[in-house]
Amino acid sequence: MQHPPPQPQALLATPDELRDRIRQLGTSVPRRDDPRLPQVRAILAELGGQPGPLLPVLHAVQDTLGCIPPELVGEIAQGLNLSRAEVHGVITYYHHFRSEPAGRHVLELCRAEACQAMGGEDLWRHACASARLPAQGGRTADGAFSVEPVYCLGLCAQSPAALLDGRPHARLDAQRLDALMGRAREAA
Ligand code: FES
């Protein structure tokens, strides 16, 4: 049986899609006077020579800058003799790494199996909805919160569990989560 030829629109990306893909690969470049460039170069100089340097470098960049800016991915790749796609692949593989600064408070809600079995997914949806975020989480418009998934915090016996600003909270429900987030918002 003969298959019909594929339609051109099935093969070609729109200009917007192409721009998105290019942005995701971090192909934009920083300005020469970008103050973050010397910081990244110092990290590369310090950590780039050790075995398996990519993860230590990415952690150090995020610790220093609050995120791994897409426009600095090329600098990191060049400094480690890797392709931008390789660095981008690692950044997107690990949920820990972010491309934009986090909110003032970071809620990391566990979405792994044990927490799922104890209502973790309902809790995730509740957290996103109450923070007026899309279903995949992210940073709130006022910058107060980042809501991010994690996959097991080692608190499976007390699930569902989360970290709020690095502090563990277990046996959560919507009410307790609202109270935690409310107190964090007031404290900021
Ligand atoms: S599955 Fe959520 S803490 Fe382990």
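1. Basis of the model. The structure is a predicted model, in which local features need pLDDT of at least 70 and side-chain atom pairs count only at pLDDT 80 or more, while totals for chains, interfaces and linings use all residues. Residues are numbered from 1 along each chain as its sequence is written.

2. Overall make-up. The protein has nine helices and five strands, where helices (H or I, at least four residues) and strands (E, at least two) are DSSP runs numbered from the N terminus. Read from the N terminus, the elements follow the order α-α-α-α-α-α-β-α-α-β-β-β-β-α. Of the 188 residues, 22% count as buried; a residue is buried if 20 or more other C-beta atoms lie within 10 Å of its own, exposed if 12 or fewer, and partly exposed in between, with C-beta atoms placed from the backbone. Among contacts between residues at least 6 apart in sequence, 61% join residues at least 24 apart, a contact being two residues whose C-beta atoms, placed from the backbone, lie within 7 Å.

3. Helix H4. The 12 residues of helix H4 (residues 54-65) should span 16 Å at 1.5 Å a residue, and the end C-alpha atoms are 16 Å apart, which agrees; the expected span is 1.5 Å times one less than the number of residues. The buried residues of H4 are Val57, Leu58 and Val61. They cover an arc of only 100° around the axis, which puts them on the same side of H4; the arc is that of the directions from the helix axis to the C-beta atoms. Helix H3 (36-47), helix H5 (73-80) and helix H6 (84-93) are included in what covers these buried residues. After H4 comes Gly66, whose phi is positive, near 85°.

4. Helix H6. In H6 the buried residues are Val87, His88 and Ile91. They too cover an arc of only 100° around the axis, which puts them on the same side of H6, whereas the face turned away from that buried side carries the exposed residues Gly89 and Tyr93.

5. The sheet. Five strands form an open sheet with mixed pairing, in the order E2-E3-E1-E4-E5; two strands pair if DSSP finds at least two bridges between them. The edge strands, each pairing on one side only, are E2 (138-139) and E5 (167-169). E1 (residues 105-110) runs parallel to E3, with six bridges between them, and antiparallel to E4 (residues 162-164), with three bridges. Glu108 has Glu148 in E3 as its bridge partner, and Leu109 stands opposite Ala162 in E4. Two bridges join E2 to E3, which run antiparallel, and in their hairpin, with five residues between the strands, Gly143 takes a positive phi near 75°.

6. The cores. Which residues have the most contacts inside the largest nonpolar core? They are Leu109 and Ala127, in a core of 15 residues; a nonpolar core is a set of buried Ala, Val, Leu, Ile, Met, Phe, Trp, Tyr and Cys residues joined through C-beta atoms within 7 Å. E1, H8 and E3 each supply at least two residues of this core. Apart from it lies another core, of 11 residues, among them Val40, Val57, Leu58 and Ile68. In soluble globular proteins, nonpolar side chains tend to be buried together.
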